[in-house]
Amino acid sequence: PVAINGEVFGDTHMERVNGAVHFHTSRTDVQLARLDGDAQVGGSGISVDQAQGPAIVNTSRRNVSLDRLAGDIAVTNSWGSVEVIAAPPLGNVTIEDRNGSVRTTLPEHAGFAVQATTTNGNIDTNLQFASGNETPVEVAGHRNQKMLTGTVGNSQDSPTIHITTANGDISVMKGDVQPLTPPGTAAKITMAAPASASARKPPKAAKAKTPAAPEPPAAPNF
């Protein structure tokens, strides 16, 4: 697991954490059950690519981008956009934003119940509801508020998609979203031990021994 708690300046990058991730400052809180891809938290925004939920993101004045997250997802933001691409298996998705647009892409074959509401914005969708009514309606008594509500699929235990925003548009689409790569299938990173100094030096060439010169014969004794 990875836990970062305090006031962090600059960008924080995390990658392939096979355990819980918790990033917490006075302005931002990010929690993930597992990070299969990578995550970036910084002044430009928050982005997470391929992670396992439950996933929780609480922030403000930042754009949030969550790409291929499986399981439950909860996002709270203000003065920034939110984009969520949910990977199968789909869990409960709750997005609350103010002064920002919300874009969601849900797995193509998933069943769920959805309720999306925006004030001073529009709603766009390609969902096919069981009731056959996919057109957002204006809420009675609120001229500037629109709502999209219905059920996709017939599963009684289907997840719930709940989206609210103000002064922003909402997009709820189905798309071809691939599941996460199963843990353990990615190539592992190994760190080889550094070679010792003696191993890095080439062996010294052996010096050939010079044969001793023969002793001169003894002088004759006359």
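Reply:
**Salt bridge and backbone geometry**

The structure contains one salt bridge, a term that denotes a side-chain nitrogen of Lys or Arg within 4 Å of a carboxyl oxygen of Asp or Glu. The model is predicted: local features need pLDDT of at least 70, side-chain atom pairs count only at pLDDT 80 or more, and totals for chains, interfaces and linings use all residues. Residues are numbered from 1 along each chain as its sequence is written, and side-chain values use heavy atoms, with hydrogens and water left out.

The salt bridge pairs the side chains of Arg34 and Asp36, at 2.6 Å from N to O. Arg34 is buried, at a relative accessible area of 18%, whereas Asp36 is partly exposed, at 21%. Here buried means under 20% relative accessible area, exposed over 50%, and partly exposed in between (1.4 Å probe, protein chains only).

Turning to the backbone, most residues other than glycine have a negative phi, and most peptide bonds are trans. Gly53 and Pro54, however, are joined by a cis peptide bond with omega of about 10 degrees. Pro54 lies in the loop between strand S6 (45-52) and strand S7 (55-58); strands (E, at least two residues) are DSSP runs, numbered from the N terminus. Another cis peptide bond links Pro88 to Pro89, with omega of about 0 degrees, and Pro89 belongs to strand S9 (residues 82-98).

Two non-glycine residues with positive phi complete the account. Trp79, with phi of about 55 degrees, sits in the loop between strand S8 (64-78) and S9. Asn99 has phi of about 60 degrees and occupies the loop between S9 and strand S10 (102-107); Asn99 is partly exposed, at 22% relative accessibility.

Conventions: Helices (H or I, at least four residues) and strands (E, at least two) are DSSP runs, numbered from the N terminus.
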